[in-house]
Amino acid sequence: MRTQILTIAGTALASALAFSSPAIALTAAEGAPQASSVSPNPGTQVKTAGASTAPTLLDGFFSTATYTYRIGNSCKGYEDEIRDGAAYWTGKFDESTDSSATPVNCRTDLFACGKLKKANGCNENHGGRITLSTRTFDFALLAAHEFGHNMYKHSNHKCRSWASDAAVMAPVDNECSN
């Protein structure tokens, strides 16, 4: 009886420790860490809506790495929105002037990205290069979405918004009212 109680207590303690640490806590349905993110509005906490709506991590991704990015001259006047987008992924992105940092460039048109002939944002090779079109309703949200592709695939969330990680990683927002 004592062994049975100790086994149950040990299992409960191990579960409590595992789910209290965001570095090792996984959702049962997705195998993805559930992290809290800070929206570009200071002091506003945005949490993922749950395992069923969490974006899917890229294959083999389970990293605590911090990525660096550098804003190109083509983004003059959009620097704050790009920083807001990167800041959504709290602690994952740092701005740098280092030439090895992910270049972030801006365009005034729609452009080809992978299989898409007309894209307003592109993250090539999960942080190889990020390109953003200034033809978008919420430029900071587009930046957050593209930075998110360092870690996540598109979610199945219908409308892109700041509401959750899944909403940020929604593939399109053309069906939603802005």
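Author: Start with burial. This is a predicted model. Of the 178 residues of the protein chain, 38% count as buried. The accessible surface comes to about 10300 Å², and carbon and sulfur atoms hold 53% of that surface.

Reader: What is the secondary structure of the protein chain?

Author: Four helices and nine strands. From the N terminus on, the order is α-β-β-β-α-β-β-β-β-β-β-α-α. For contacts with a separation of 6 or more, 58% link residues 24 or more positions apart.

Reader: How do I read a nonpolar core, and which residues have the most contacts inside the largest one?

Author: The general idea: in soluble globular proteins, nonpolar side chains tend to be buried together. Here the largest nonpolar core has 25 residues. Y69, I82, W89, F93, L132, F147 and V168 have the most contacts inside it. Two or more residues each come from β3 (67-71), α2 (79-87), β5 (102-107), β9 (129-133) and α3. The largest share, seven residues, is from α3.

Reader: Which residues does F147 touch?

Author: Leaving out residues up to four places away in sequence, F147 touches Y69, I82, G85, A86, W89, F93, V104, N123 and I130.

Reader: Now H145. Is H145 buried or exposed?

Author: Apply the cut-off: buried means under 20% relative accessible area. H145 has 2%, so H145 is buried. H145 sits in helix α3, residues 139-148.

Reader: What does the side chain of H145 reach?

Author: The backbone oxygen of A170, at 3.5 Å. Beyond four places in sequence, H145 touches H154, R160, V168, M169 and A170.

Key. Residues numbered from 1 in each chain as written. Predicted model: local features only at pLDDT ≥ 70, side-chain atom pairs only at ≥ 80, totals over all residues. Heavy atoms only, no water. Buried < 20%, exposed > 50% of the residue type's maximum accessible area, 1.4 Å probe, protein only. Polar contact = N/O pair within 3.5 Å; in protein donor to acceptor, adjacent residues only side chain to side chain. Contact = heavy atoms within 4.5 Å. Areas by Shrake-Rupley, 256 points an atom, 1.4 Å probe, with all protein chains shown as cover. Core = buried A, V, L, I, M, F, W, Y, C linked by side-chain atoms within 4.5 Å.
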